[in-house]
Amino acid sequence: MLGRVKNRISRDGETQGRGDGEITIQRVHAPCLPVPRLPVSLYRPLVLTFRSMRRAIYPGSFDPVTNGHLDIIERGCKLFDEIIIGILVNPEKQPFFTIEERQDMLNDVLKDLSQGNCRLRVDSFRGLLVNYAIAQKADAIVRGIRAISDYEYELQMALMNRRLEPSIETVFMMPAETYSYVSSRLVKEVFQLNGAVSGLVPPLVEQRMKEKMQRP
Ligand code: PNS
């Protein structure tokens, strides 16, 4: 604060102003408010209310959802306040599961996920991913990268998406090594050739795959 001031002693005892009528800068000290010591779990929701919400889209085919996908979602929950799992409706592909079946399975298996304070929502979309991300007011697109072979395709997509919409960042996440070779495509192939897929997909998904193929 600028002005003519006399010597003053502030609350914490600091002398301010020269007291000789010259212009001095006076720092006004706010009274110290007592800050209650609360457990983090109590004030975190309050902090989130006042901080801007971080929302991400995790897009994919999820035909079917694998344990690798779930691992990425769980990791994403540590970074984002909300993740929308966006299933691409692709009329050009002949899927194993319908969009509704995939959506149902995801909703079921997400119940067992350790998501902390992160909100999870399952949805489907058509057309350009960035348009969907804008419509959902998302800040980021999450993609999992398993091996270096994924990187080239993912980089191309990320750069194209950035060109289309520079405000949306792509965040690459690595799943646990256990899932570094797991893909929906391989799971389907192994299953259709009578191979075991337990441990690669949640038990509920394995069960639905058996039902679809009318297997005991
Ligand atoms: O699980 P997938 O099949 O690898 O997911 C691919 C997906 C859905 C992320 C990608 O195909 C996609 O974003 N499709 C939407 C159409 C689009 O935006 N295409 C331009 C990408 S640069």
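This is a predicted model: local features need pLDDT of at least 70, side-chain atom pairs count only at pLDDT 80 or more; totals for chains, interfaces and linings use all residues.
**Overall make-up**

The chain contains 7 helices and 9 strands, and of its 216 residues, 26% count as buried. When contacts with a separation of 6 or more are considered, residues 24 or more positions apart account for 71% of them. The largest nonpolar core holds 35 residues, and those that touch the most other members are Ala 56, Ile 57, Tyr 58, Ile 73, Ile 83 and Ile 85. For Tyr 58, once residues up to four places away in sequence are left out, the residues touched are Ile 72, Ile 73, Gly 76, Ile 83, Ile 85, Gly 86 and Val 142.

Strand S5 pairs with two strands described here. With strand S6, residues 82–88, S5 runs parallel, and 6 bridges join the two; within this pairing, Pro 59 stands opposite Gly 86 in S6.

Strand S8 in turn pairs with strand S9, residues 169–173, in the parallel sense over 5 bridges, with Ile 141 standing opposite Thr 170 in S9. A right-handed β-α-β unit is made by S8, H5 and S9. Because 4 of the 5 residues of S8 are buried, this strand is largely enclosed by the rest of the structure.

| Strand pair | Bridges |
|---|---|
| S5 and S6 | 6 bridges |
| S8 and S9 | 5 bridges |

**The shell around the ligand**

The residues around the ligand are Pro 59, Gly 60, Ser 61, Leu 88, Leu 128, Leu 129, Met 157, Met 160 and Asn 161. Sorted by class, this shell has 6 nonpolar and 3 polar residues, and no charged residues. At least two residues of the shell come from each of two elements, strand S5 (55–60) and helix H5 (148–164), and the largest share, 3 residues, is supplied by H5.

**The loop between S5 and H2**

Most residues other than glycine have a negative phi, and most peptide bonds are trans. Phe 62, whose place is in the loop between S5 and H2, has a phi near 50°, a positive value in a residue other than glycine. Phe 62 counts as buried because 24 C-beta neighbours lie inside 10 Å. In the loop between S5 and H2 there is also Pro 64, which is joined to Asp 63 by a cis peptide bond with omega of about 5°.

**Other loop residues**

Lys 137 lies in the loop between helix H4 (129–135) and S8, and although this residue is not a glycine, its phi is positive, at about 55°. Lys 137 counts as exposed because its C-beta neighbours inside 10 Å number 9, whereas Phe 62, with 24 C-beta neighbours inside 10 Å, counts as buried.

Ser 52, in the loop between helix H1 (40–50) and S5, is 29 residues from Asp 81 in sequence and 9.4 Å from Asp 81 in space, C-alpha to C-alpha. With 8 C-beta neighbours inside 10 Å, Ser 52 counts as exposed. Gly 116 has its place in the loop between helix H3 (99–110) and strand S7 (119–125), and its C-alpha atom is separated by 9.3 Å from that of Asp 81, which is 35 residues apart along the chain. Gly 116 is exposed, with 10 other C-beta atoms within 10 Å.

Technical notes:
Residues are numbered from 1 along each chain as its sequence is written. A residue is near a molecule or strand if its C-beta atom, placed from the backbone, lies within 6 Å of it. Ala, Val, Leu, Ile, Met, Phe, Trp, Tyr, Cys and Pro count as nonpolar, Asp, Glu, Lys and Arg as charged, and the others, Gly among them, as polar. A nonpolar core is a set of buried Ala, Val, Leu, Ile, Met, Phe, Trp, Tyr and Cys residues joined through C-beta atoms within 7 Å. A residue is buried if 20 or more other C-beta atoms lie within 10 Å of its own, exposed if 12 or fewer, and partly exposed in between; C-beta atoms are placed from the backbone. Two residues are in contact if their C-beta atoms, placed from the backbone, lie within 7 Å. Two strands pair if DSSP finds at least two bridges between them. A crossover is right-handed if, with the strands pointing away from the viewer, the path from the first strand over the helix to the second runs clockwise.
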